[in-house]
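Let's take a friendly walk through this entry. Please have the sequence and the 3D view open as you read.

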Amino acid sequence: MTESNTTEPLNENKNKKEISDQSEENKEQVQEKGKEKGKGKTTENKNEKTIVKEPKISMYWFVRVFARKLRNVLVPVTLTMLLVIVLIKITNQNSDTTDQFSQILIYHESSSDSNSKKFGGSLLNAVVIVGVVLVMTVFLVFLIKYNCWKIIWGWLFLSCFWLLLVFGALKMIDVCENLNLAVDWITLAFLDFNFAVVGVIVIFWHGPLKSNQIYTILMCGLVAVYLTTLPTWTTWVLLALIALYDIFVVLSPKGPLKILVEESMKNDKPIPGLIYSSIIYLFSARIKPKNSGSSSSSELNSNFNPISSPSSDSGSGSGSGSGSNNVNSLKEESSHLEKGESELEKDVENDNTLAEDNYNEKSSLLQNEERKKRRLLARRKRRRKKRFEEESGVKLGGGDLIFYSVLIGKAAYFDYETIFTCWIAILVGLAVTLFFLAVYAKALPALPISIAFGMIFFFLTKIILVPMVKQLGVDSVMT
Amino acid sequence: MDPTIPLKEEEKETVCKKMWIIGFFGLPFVWFTMACYFWKEKHPKIRFYVFWGLVGFFTELLILVFWMGIFVSKRDSWGETGESLSAVLPVGTQ
């Protein structure tokens with residue numbers, strides 16, 4: 001197998017089947033892929049597989065698979081954001097909305113405070129929230145280490161059920177109020193109950209993949225809508241802190257999330273919960289998972305346990321709906337707040353030996369990709385490596401969806417321009433993160449880059465773009 | 001469970017049956033998801049469950065729609081009961 005320099009870092013991580021696939025396809029399709037760099041070389045080598053083609057093959061393959069993975073990830077993120085924006089706009093949520101978080105926040109923001117006081121107070125609030133999140137994650141890691149799977153499942157199950165039931169009902173009522181619809185308790189209870197039960201069944205038990213994805217989006221959207229009711233300064237500082245926390249928790253060797261993922265991989269027990277999966281499995285014959293930690297069959301990345309809004313307990317225990325006053329101290333709240341992590345993890349194929357054989361084969365008969373793939377996979381079946389084979393797919397943690405949507409929600413409070421710029425910024429950040437994922441091939445935090453871009457663009461738009469557009473409108477240059 | 005692992009053949013019938021039973025607790029949408037999930041199966045028992053599940057789903061949906069229609073139109077004339085039933089009181093109606 002050729003190991004040209006440009007492809008060296010990519011080769012170890014890539015789905016080698018695809019590379020060898022391309023070596024055959026490339027002959028026919030190399031002409032069309034004019035946009036790749038270095039295409040001049042390939043025209044002479046139409047009928048032979050030579051080393052020269054290698055960079056081009058990988059580029060083509062890389063772009064193609066990367067684009068597919070990107071699309072698989074961008075769609076749910078965009079849909080969650082859309083859901084949050086629609087809910088916010090319909091219910092006319094804005095900075096004046098009574099926040100339900102006053103019980104857990106130490107510093108209550110009021111507009112009469114000076115900027116530095118606001119910043120200090122928000123920092124305090126955010127540190128407290130992130131601290132609680134850390135505690136819950138560590139607690140979860142302990143539960144996993146001591147194999148208390150029943151507790152984990154029960155906790156997450158109750159959490160999600162409560163969240164869907166209560167937040168769903170409240171949002172439905174809010175939406176109906178704003179749309180002036182008369183709804184009776186019977187219908188509402190019936191629909192809400194159905195909504196919650198189907199959601200729980202589809203996420204924690206068996207259900208069509210699309211339903212699972214839809215409910216993940218719905219759940220993350222609901223949590224995000226409630227999180228945007230935090231006071232403004234607190235939210236922004238919280239976002240920044242969560243991004244930093246994410247880096248620490250995913251990348252550092254002591255990070256709880258890393259341990260979590262490794263433990264769940266070791267025992268081969270996936271953590272149930274909010275992970276958006278876009279993977280399609282080709283084979284379901286599973287013999288033994290590969291023991292490598294973060295590579296090969298291990299898609300799984302983290303759990304994301306939804307942040308239960310502190311005033312509404314989406315979790316075990318006491319408490320009623322949002323706005324409840326019965327949880328007073330922060331300590332009690334912490335039993336309701338749980339948060340896992342958000343990271344992207346790549347599916348990695350470690351077929352180092354496969355590519356060489358394919359490379360030497362003649363494939364004159366196979367014309368289209370389908371048959372090549374099938375043949376390749378059939379060949380692979382004969383090999384000793386038996387594990388799940390995956391098409392391109394990425395698993396995205398629910399925390400990512402939530403915090404992206406919180407950022408967009410805050411942008412939605414302001415104006416439509418900020419929504420668009422932040423949306424583009426987040427998508428670009430996601431693409432960059434996916435690129436790094438392709439290069440490093442291990443679990444990466446998905447939050448920091450996107451949130452950094454999102455925040456930068458939000459403030460830039462707010463300070464520069466919006467006044468400019470308004471001024472142009474006033475001067476009749478632009479409507 | 002991991003949603004990306006497709007169900008094995010022998011598990012399908014038990015899952016279908018469980019969903020069928022769960023649907024009887026006033027949960028027609030569970031029948032709907034069962035129908036979506038097992039739509040392409042050829043096993044006769046599964047087809048039976050899917051078919052009757054769909055029938056149940058549409059029946060309950062019809063009942064729901066009728067009830068909503070009745071409620072929305074007659075809510076005002078019911079006076080006290082109407083108001084106590086409403087979760088949301090629309091603004092600006094008599």
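This is a predicted model: local features need pLDDT of at least 70, side-chain atom pairs count only at pLDDT 80 or more; totals for chains, interfaces and linings use all residues.

Residues are numbered from 1 along each chain as its sequence is written, chains are lettered from A and ligands numbered from 1 in the order in which they are written, and side-chain values use heavy atoms, with hydrogens and water left out.

**Chain A**

Chain A holds 15 helices and 4 strands; these are DSSP runs numbered from the N terminus, helices being H or I of at least four residues and strands E of at least two. Of its 479 residues, 57% are buried, that is, under 20% relative accessible area with a 1.4 Å probe and protein chains only (exposed is over 50%, partly exposed in between). Among contacts (heavy atoms within 4.5 Å) with a separation of 6 or more in chain A, 80% join residues 24 or more positions apart.

| Item | Value |
|---|---|
| Residues from chain A | 38 residues |
| Residues from chain B | 35 residues |
| Salt bridges (Lys or Arg side-chain nitrogen within 4 Å of an Asp or Glu carboxyl oxygen) | 0 salt bridges |
| Polar contacts, both residues at pLDDT 80 or more | 4 residue pairs |

Helix 5 (149-178), helix 6 (185-204) and helix 7 (209-227) of chain A each supply at least two residues of the side that touches chain B. Helix 6 of chain A gives the largest share, 14 residues.

The 20 residues of helix 8 (residues 232-251) of chain A should span 28 Å at 1.5 Å a residue, and the end C-alpha atoms are 29 Å apart, which agrees; the expected span is 1.5 Å times one less than the number of residues. Buried residues in helix 8 of chain A include A:W236, A:Y245 and A:D246.

A:T229 sits in the loop between helix 7 and helix 8 of chain A. A:T229 counts as buried because its relative accessibility is 6%. The side chain of A:T229 reaches the backbone oxygen of A:Y226 at 2.5 Å, a polar contact being a pair of N or O atoms within 3.5 Å; within protein, one must be able to donate a hydrogen and the other to accept it, and residues adjacent in sequence count only if both atoms are side-chain atoms.
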